[in-house]
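Subject: Structure handover

Hello,

Here is the structure I promised to pass on. Please open it beside this email and follow along.

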Amino acid sequence: MTTREKNPSATAPAADPVRNHGSVFWAVSDCWNITRRTLTHYQRHPSAVVWQLGFPILSVLLYGYVFGSAMKVPGGGDYREFLMPGMFAMTMAMGFMNTAVAVVTDAAKGVVDRFRSMPMAPSAFASGRGAADLVVAAAELTILAVTALLMGWRADGGVMAGLGAFGLLLLLRFSLIWVGVWLGMLVPTPEAAGGLYAVAFPVTMISSTFVAPSLMPGWLGTIAAWNPISSTATATRDLFGNPVAGGDTWVEEHALLMAVVWPLVITLVFLPLAVRRFQRLSR
Amino acid sequence: MPMPKTGSGSASGYAVLAEGVVKRYRGRGKGGTEKRALDGFDLAVRPGTVHGLLGPNGAGKTTAVRVLATLLRYDAGRAEVAGLDVGREPRRVRSRIGLTGQYAAVDEGLTGRQNLEMFGRLFHLGNRRARQRAGELLDRFDLTEAADKGAKEYSGGMRRRLDLASSMILQPDVLFLDEPTTGLDPRGRGEVWDAVRALVAGGTTVLLTTQYLDEADRLASHITVIDRGRAIADDTPDALKNRVGGDRIEVVAADAGDLDAVARTVDRVAGGGLVVTDAATRRVHAQVADRVAALTEVARSLQDDAIAVEDIGLRRPSLDDVFLRLTGHGTAPEVEHRAAEHQDPGRRDPESHDTENHDSAEVAAA
């Protein structure tokens, strides 16, 4: 090991480069570097995406082929056509777990502290995380959609409607980034974050993902209909031109509206909570 | 307009300065008790030195480092790092410091090189400069061979070195090392010590917290002892040891049954000093005025009385003795550090039965 740098002034970078650009420039640049970090993780271990998609693909096989023949879609239509958009919505919804686990892992390993002790933009940790999660979510949706197409799923709603449907799915994922960041700062260890699955799983099940709420017992159907995942699932079914199985409640009739409103509400609640949680680290 | 990098840059001439710093933690729930993690903490670190911050568990070492490294806001007092006010200009302080916390804060999903390049870009070096700097640091910290392996596959010592390298990207004026060798094997500790010495030779000021007194003894030229959120002593390691007194004679009895007899002999020769008996290690020690005469006399009379001894010798007071004297209690991980002190340099044996606890060490009055 060399004992000293030959010429510290020549090799050591400038001490105060923060001044060379405006803060917006660095907020964007730092965000991109954090995004790039997560994408590099996937580049080094591409199989991680496949593992994450194992659950939805297995669910499609189980529900589509094992239970499928026993499932009925109110108003008629093919069950597998009904199932796929629900699967997309559920995958987006479960994505908050990826965010939470990544955040708590960084916090537990001291990486968050290192970032906070550096002259980078304080917002970059969360914004970069979120941007990376959206890129990964888009990749997941693409893989799922191709898988669905191979299984015979068809979207006949037109290109614009199809893109709109993917937009709604990503909007749901976006809003849940903040739930994930907030939970990631709340739970003490990555192991504890794993326990969130036990809560998340029923929440995603009590929705229109697999079964139309109108087929459930009254009270359960109401909860399922008001589940934000149901609104996104129903709206995307509509846009993809798949069987909708819409109920006659207000929330089901306004699925498209609610597929926009829900994510906005979730963002409005959890983004400030996540920011506050982050700021409380210095208290 | 970059500040001149003089290493201190401070009007006070200190690289780190804390005056009467108070940090309160509110207890959980309503009416929770308030805890003062720092309670009027003072610290002055000269540029270009390693300054040890020692104290028992919960004394406030980590809180002090987190406050100075801008991770925690303090409630009262004044704190300056590299001449900049920590409370008022945290962002500028951050471009002058490096922090290596209790865990190696590296991204295990990236290679060593990718880690350093990412941190370099986040230090706003730009792609090209970040790449170049990563190469320099990998070389300097002996990580070039493992540069393109995942950090997950690194040994504890390598991960620590990568962690240190990440803290050194901007060649900071002040480097905070919070228990940098906790959990490392002896080889890892040696590697980290070498790295720290090299950094200081390059002009960096280091504030080192540690629970291992031998570590502070080896690295630090100045030591502040902290207890209950306050600095209770501040001096060079030698001056601190002198404060406790001169040399000590130490006898390890071969048979625990002889301890009392050994203690009586040592007491007679030491003449008035406190004789400390530690039953767990069959060890008796006391301060002596004339070291050679005392050693000769104790050895002769033990032989005359036919008391078998396993070991007998003189030693300088350790920082452990300083600790006991200053705080009234020893360090928490007693086992580990005592073992390190009495075995090979840097060797640590967690299985050691040396469970001496100063709180309960019998003190035989003269």
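Start with Phe166(A). Phe166(A) is partly exposed, because 18 other C-beta atoms lie within 10 Å. The cut-offs are these: a residue is buried with 20 or more other C-beta atoms within 10 Å of its own, exposed with 12 or fewer, and partly exposed in between, with C-beta atoms placed from the backbone. Phe166(A) sits in helix α7 (residues 159-186) of chain A. Phe166(A) and Leu268(A) are 102 residues apart in sequence. In space, their C-alpha atoms are 22 Å apart.

Two notes on reading all this. Residues are numbered from 1 along each chain as its sequence is written, and chains are lettered from A and ligands numbered from 1 in the order in which they are written. This is a predicted model, where local features need pLDDT of at least 70, side-chain atom pairs count only at pLDDT 80 or more, and totals for chains, interfaces and linings use all residues.

Chain A

Chain A has 13 helices and 0 strands. Helices (H or I, at least four residues) and strands (E, at least two) are DSSP runs, numbered from the N terminus. The C-alpha atoms of chain A fill a box of roughly 75 × 40 × 35 Å along the principal axes. Of its 283 residues, 45% count as buried. Take the contacts in chain A between residues at least 6 apart in sequence: 81% of them join residues at least 24 apart. Here, contact means that two C-beta atoms, placed from the backbone, lie within 7 Å.

Now look at two helix pairs. Two packed helices are described by the angle between their axes and the distance between the axes. Axes are lines fitted to C-alpha atoms, for helices over the stretch in contact, and angles run from 0 to 180 degrees between N-to-C directions.

Helix α3 (residues 47-66) of chain A packs with helix α4 (residues 79-108) of chain A at about 155°, and their axes are 10 Å apart. The angle therefore makes α3(A) roughly antiparallel to α4(A). Angles over 145 degrees count as roughly antiparallel, under 35 as roughly parallel, 65 to 115 as roughly perpendicular, and the rest as oblique. The crossing of α3(A) and α4(A) is right-handed. That word applies if the near helix is turned clockwise from the far one by less than a right angle; anticlockwise is left-handed. Residues of α3(A) in this contact include Gln52(A), Pro56(A) and Tyr63(A), and those of α4(A) include Leu83(A), Met87(A) and Asn98(A). By class, the contact of α3(A) with α4(A) has 6 nonpolar, 5 polar and 1 charged residues. Ala, Val, Leu, Ile, Met, Phe, Trp, Tyr, Cys and Pro count as nonpolar, Asp, Glu, Lys and Arg as charged, and the others, Gly among them, as polar.

α4(A) also packs with helix α6 (residues 124-150) of chain A, at about 150° and with axes 10 Å apart. α4(A) and α6(A) are therefore roughly antiparallel to each other. Their crossing is right-handed. Among the residues that meet are Met84(A) and Phe88(A) in α4(A), and Leu141(A) and Leu144(A) in α6(A). The contact of α4(A) with α6(A) divides into 10 nonpolar, 4 polar and 3 charged residues.

Chain B

Chain B holds an open sheet of 6 strands, in the order β6-β7-β8-β3-β9-β10, with mixed pairing. Its edge strands, β6 (97-100) and β10 (230-235) of chain B, each pair on one side only. Two strands pair if DSSP finds at least two bridges between them. Neighbouring strands of this sheet are turned by 15° against each other on average, direction ignored.

Strand β9 (residues 222-227) of chain B runs antiparallel to β10(B), joined by 5 bridges. Asp227(B) stands opposite Arg230(B) in β10(B). Which residue lies in the loop between β9 and β10 of chain B? Arg228(B) does. Its phi is near 50°, a positive value in a residue other than glycine. Most residues other than glycine have a negative phi. Arg228(B) is partly exposed, with 15 other C-beta atoms within 10 Å.

An open sheet of 4 strands in chain B has the order β2-β1-β4-β5, with antiparallel pairing. Strand β1 (residues 16-25) of chain B pairs with β2(B) over 8 bridges. There, Tyr25(B) stands opposite Lys35(B) in β2(B).

Best wishes
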